[in-house]
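I opened this notebook to record what I looked up about aromatic rings and their surroundings. The entries follow the order in which I checked them.

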Amino acid sequence: MKTSYIPLLTSILLIILGLATSRAQTCRVSSGISGDGMQTYREVFEYDFVEVKPTFPGGNEALLDYINKNRQYPSDAYERGIEGRVTCSFVVNSDGNISHIKVIRGCHKSLNMEAMRLLSEMPCWHPGRHLSQCVPVRVVHSIPFRK
């Protein structure tokens, strides 16, 4: 009798892939300076590696509405015709609050500051989940500024 190893190998491969995908990738974000003057960090999950991604209340369309209704084009940049896209990262905490806002790629100081203000005033998000628990997740989002 010939024995086929293909079903066994397929099962082993699926188990290995399942183990690899069950581990979410994390990153460190700066939490400030400790009492002894040392930089402190916080471990958070990366957006693409959690089972349930954090979402803005009402979804992406509602997020775009929020940005368009609340963005205030800085007058100095507007008058000088400065346009661009400010890409920021922020953490959606396990309670849905936003923290650790950082400009990753800016274009003009006043536009960068406005993007950070806009993100800091966002309502709470629905938190991300991994292994059935709410977890802090780093999100990257761009804020466009066009005249």
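Entry 1. I note at the outset that the model is predicted. I looked up the aromatic pairs and found a count of five. I then examined the pair formed by F56 and W125, which is edge-to-face. The ring centres of F56 and W125 are 5.9 Å apart, and the angle between their planes is 90°.

Entry 2. I asked which parts of the chain the pair of F56 and W125 links. F56 lies in the loop between strand 2 (39–46) and helix 2 (59–70), and W125 lies in the loop between helix 4 (109–120) and strand 5 (128–130). The two residues are 69 residues apart, so I recorded that the pair links distant parts of the chain.

Entry 3. Is F56 buried or exposed? I found a relative accessible area of 6% for F56, and F56 is therefore buried, since the cut-off is under 20%. W125 also counts as buried, because its relative accessibility is 7%.

Entry 4. I turned to Y73 and Y78, whose ring centres are 5.4 Å apart. Their planes meet at 80°, which is over 60 degrees, so this pair is edge-to-face. Y78 is partly exposed, with a relative accessible area of 43%.

Entry 5. I looked for a cluster and found that ring pairs link F56, Y66, F90 and W125.

Entry 6. Lastly, I checked for charges over rings. The charged end of K147 sits over the ring of Y78, at 4.5 Å from the ring centre. I also noted K53, whose charged end sits over the ring of Y47, at 5.4 Å from the ring centre.

Terms used. Residues numbered from 1 in each chain as written. Predicted model: local features only at pLDDT ≥ 70, side-chain atom pairs only at ≥ 80, totals over all residues. Heavy atoms only, no water. Phe/Tyr/Trp six-rings, centres within 6.5 Å; stacked < 30°, edge-to-face > 60°. Helix = DSSP H or I, 4+ residues; strand = E, 2+ residues; numbered from the N terminus. Buried < 20%, exposed > 50% of the residue type's maximum accessible area, 1.4 Å probe, protein only. Lys NZ or Arg CZ within 6 Å of the ring centre and 35° of its normal.
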